[in-house]
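Please find below a short note for a colleague who is meeting this structure for the first time.

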Amino acid sequence: MSQHMLGSARFLQPSRAATVSRIASLGVIAVLALAGCSGGQNDTGADASVSPQSTVETPSEAPVANSKVAEKLESAPQVKANAEEVVKTEELYNSFEQTLAELEMAQPQAEENDGGSAESAPENKDRFAELSATSQDRVHQIATGSAADEFLAQALEYGLNGWEQKGNSTIVGEPKLTDGEYNGEPAKLLEVCLDSSDVVVKDSAGNVLNDSGASKRSLNIFTLTEVDGTWKISSHEFPNNPDC
């Protein structure tokens, strides 16, 4: 792996995601903005917006790993947690977690009233919600492809619900690592055990949303690809059995 791996990302683990999804009423409309809007997402910081009136519901979890990736990793060799690729993956994921901790939403745009002047009426301020350009750019600095879509959706979910997150996950145990492809480009495939014991998610009222009785460790599958000389997370998935 090149020296670019030495540069400087958090998604709800399955148990926590299920807990938060039961609590939040707005938590899942974000994916509609990513998949249903004509603009879509790209590495240039495309618009991540959504109408709060949407009622489409989707899981607040990363997708289950596709069979080819899971199959390839099943026979992949184990590496130490301090391997270069593993350290880079943890850095990127911690950067996403930090983005969630410092999340910014864009200010609502003023609308023209009947007199032709622009104003931001209270009843219009929540008509559309979107991440700030800064938050979008931070996600695109660490992720591309389907991972960028997923991370943007989760960040928007947090912003819409007013959730706050503190703490970082750590990779424990002996991860699996192998070479692979993503959209025809060379990639690194990793299966790692993420320990989120230090991560706390709170709602706007300060209530802790973490499931205290659930395991704080979960297997995650990451795909890393090099984009313009910088390594990014291009895919994030869960294996069929995420226990670790």
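1. Helices (H or I, at least four residues) and strands (E, at least two) are DSSP runs, numbered from the N terminus.

2. The model is predicted: local features need pLDDT of at least 70, side-chain atom pairs count only at pLDDT 80 or more, and totals for chains, interfaces and linings use all residues. Residues are numbered from 1 along each chain as its sequence is written, and side-chain values use heavy atoms, with hydrogens and water left out.

3. Strand β9 (residues 217–227) pairs with β10 in the antiparallel sense over seven bridges; pairing requires that DSSP finds at least two bridges between two strands. Ile221 has Glu237 of β10 as its bridge partner. Two residues separate the strands of this β9–β10 hairpin, and Asp228 in the turn has a positive phi of about 50 degrees.

4. In helix α5 (residues 133–142), the buried residues are Ser135, Gln136, Val139, His140 and Ile142. They pack against α4 (84–101), α6 (145–161) and β10 (230–237), where contact means heavy atoms within 4.5 Å.

5. Ser132 lies in the loop between β4 (129–130) and α5. Ser132 counts as buried because its relative accessibility is 9%. Leaving aside residues up to four places away in sequence, Ser132 touches Glu104, Met105 and Ala106.

Technical notes. Buried < 20%, exposed > 50% of the residue type's maximum accessible area, 1.4 Å probe, protein only.
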